[in-house]
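Please read this briefing alongside the sequence and the coordinates.

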Amino acid sequence: MHRRSKLFQGKFLHGSFPRNKQILRPFCFSDSTATKPTSDSLNTPFLSDLISKQHWSELKTHLKTTNPTTLLHQLLSSEADPELTLRYFNWSQKELKLSHPLELSCRLLHSLANAKSYSKIRAFLNKFVKDEKLHSNSSIFHALSMCGNKFCANSIIVDMLVLAYVRNSKTHLGFEAFKRAGDYGFRLSVFSCNPLLSALVKESAIGDVEYVYKEMMRRRIEPNVISFSVVVNGLCKVGKLNKAGDVIEDMKAWGISPNVVTYNTLIDGYCKMGRVGKMYKADAILKEMVANKICPNEVTYNILIDGFCKDGNVSVAKTVFEELQRQGLKPNVLTYNSLINGLCCDGKLDEAIGLRDEMLGLGLKPNVVTYNVLVNGFCKKKMIKEARELFDDIRGKGLATNAITFNTLIDAYCKNGMMEEAFALQTSMFENGIFPLTSTYNCLIGGLCKKGDIEAARKLIIEMEHKGVRADLVTYNILIDSLCREGESRKAERLLNEMFKLGLIPSHVTYNTLMDGYCTEGNLKAALNVRIQMEKEGKRANVVTYNVLIKGFCKKGKLEDANKLLNEMLERGLIPNRTTYEVVREEMMEKGFIPDIEGHLYNVSISS
């Protein structure tokens, strides 16, 4: 069992330090050694009384013959109430437009810490970090360390400084202060570290999350269940599921039991992993959870139902749904939306509609996501009329359609050659105050290209620019594919330069499409040049690249060269796919050419 930290004891609420003076051990303060200006004529007790009574006009008159900063020095050096000194500090900044030296700010913070005025310190630092002329962390830490040997006070001040940075969305400065605190040996608490971890997770700075977590362990900053859950969530977000599992083991070593939130986070991570066997692992975690006497809740079941549906296993998702009800838990809109989506993807529209009706019977109101899923289901089945009827029905239900609703139906119209209806729906988007997205335009551009109207597609890209909508990689891939299909691969290649000017990086799809275009035209030299350019851009040829080139060489009767490419692919450790087998069979073997591949390829039946 780890030894508990003795710096901060007692219960802290919402990141605040305890008000009870008996809870926190005495601070190790010494008298300030900072230089004090001399002013024999300054009547500090009298001026303190004016500050206490808030007689600001009279005080202002007395300060006409005295440097206001001198008074602050005197207040800090005397036995004046630190909160009274703070009152003068704030007033002089606001009314006299003074910018006090950093050293005096640090001395004031020390006096407030000595008086255990933690709420005042938090308020001071919250204002301090908002200042546009914010001091650097290095100067703040230097100033604090120069105020005397006040390790305990400095630890509390820096702890609150980290929290102030995070709460004011200055996470990078909070992270820097966390690191400097380690360099100076200041002790931080979990109440600054947890918000810092959460902020770093939100910013997807998972490397920094791992650093903070490891440093907390090294510095013996005692974590709690929230600390571990936040780190597990961050690691799951980026697919580092094994590391997330290790953190849960750390959690147990600290004597902290993972709760339902921790397990839900890990199960969700596996469900979203997109790898074979992911649901098996998610189910195993569920079993571990139950074995540890942690009861799954609605969120647990919703995650599993959604995971099984997206894995194409709707029957198991339905079993989980039934288990949820057996446990006395009530399905919610999210539960039904996941199942309806799974059934729509499975082509079971009648069952999906039945579940929508079941929702209504239970008093659950379907939301726009429910209808978006159903509209998409009808569109996939090419039931465009029914999809439109459902689309029109949404508004009658008091729901507002969104960009996804419009995009789904526009895409269906475009894929079915109904361009007039697609453009009419785009106009309707504007009328309903919904601004078309890049994906909306991509659907329309794809539809126009499918009809061979590349000129209209180019005009649509110009319209996008005028409306401030930026063309993306998908936009250009659609155009390049269309030009290549029209035998205009040279024109398609010119679009690469246009992409680079816009800061878009061509993908494997872009280059492979171009190579395929050139191969179809019989221009193998140009296709190989595209491959060279692709590899110069740091993209190695993949299986699709080789399939395209092998087929291209076969079509030109260059079977030996095609065979060399096949062997090159195998030597690079790339695994042939079904297309590779089909090309070898149709373009080589059926023409009487047996590829020399040393038995690598034909361990399975070609006829399969």
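Predicted model: local features only at pLDDT ≥ 70, side-chain atom pairs only at ≥ 80, totals over all residues.

Residues are numbered from 1 along each chain as its sequence is written, and side-chain values use heavy atoms, with hydrogens and water left out.

**Overall shape and surface**

- The protein has 32 helices and zero strands, where helices (H or I, at least four residues) and strands (E, at least two) are DSSP runs numbered from the N terminus.
- The radius of gyration, taken over C-alpha atoms, is 34 Å, well over the 25 Å that the globule rule (2.2 Å times the number of residues to the power 0.38) gives for 608 residues, so the protein is more spread out than a compact globule.
- Along the principal axes, the C-alpha trace spans about 110 × 60 × 60 Å.
- Of the 608 residues, 49% are buried, a class that means under 20% relative accessible area, with exposed set at over 50% and partly exposed in between (1.4 Å probe, protein chains only).
- Among contacts (heavy atoms within 4.5 Å) with a separation of 6 or more, 64% are between residues 24 or more positions apart.

**Charges and salt bridges**

- There are 82 positive and 67 negative side chains, and the centres of the two sets lie 6 Å apart; Lys and Arg count as positive and Asp and Glu as negative, His and the chain ends are not counted, and each charge is placed at NZ of Lys, CZ of Arg, CG of Asp or CD of Glu.
- The structure holds 25 salt bridges, each being a side-chain nitrogen of Lys or Arg within 4 Å of a carboxyl oxygen of Asp or Glu.
- One of them joins lysine 240 to glutamate 210 at 2.8 Å, N to O; lysine 240 lies in the loop between α12 (225-237) and α13 (241-253) and glutamate 210 in helix α11 (residues 206-218), so the pair ties together parts that are 30 residues apart in sequence.
- Within that pair, lysine 240 is partly exposed at 32% relative accessibility, whereas glutamate 210 is buried at 11%.
- Another salt bridge links lysine 348 and aspartate 346, whose closest N and O atoms are 3.5 Å apart; lysine 348 is partly exposed at 36%, and aspartate 346 is partly exposed at 40%.
- Glutamate 535 and arginine 531 form a salt bridge at 3.3 Å, N to O, and both lie in helix α29 (residues 524-536), four residues apart, about one turn of the helix.
- Salt bridges with shared partners join Arg531, Glu535, Glu568 and Arg572 into one network.

**Two individual residues**

- Threonine 85 is in helix α4 (residues 82-95) and is buried at 1% relative accessibility; residues up to four places away in sequence aside, threonine 85 touches Leu72, Leu75, Leu76, Ala80 and Leu108.
- Phenylalanine 435, in the loop between α23 (419-431) and α24 (438-450), is partly exposed at 44% relative accessibility.
- Leaving aside neighbours within four places in sequence, phenylalanine 435 is in contact with Met429, Phe430, Lys467 and Val469.
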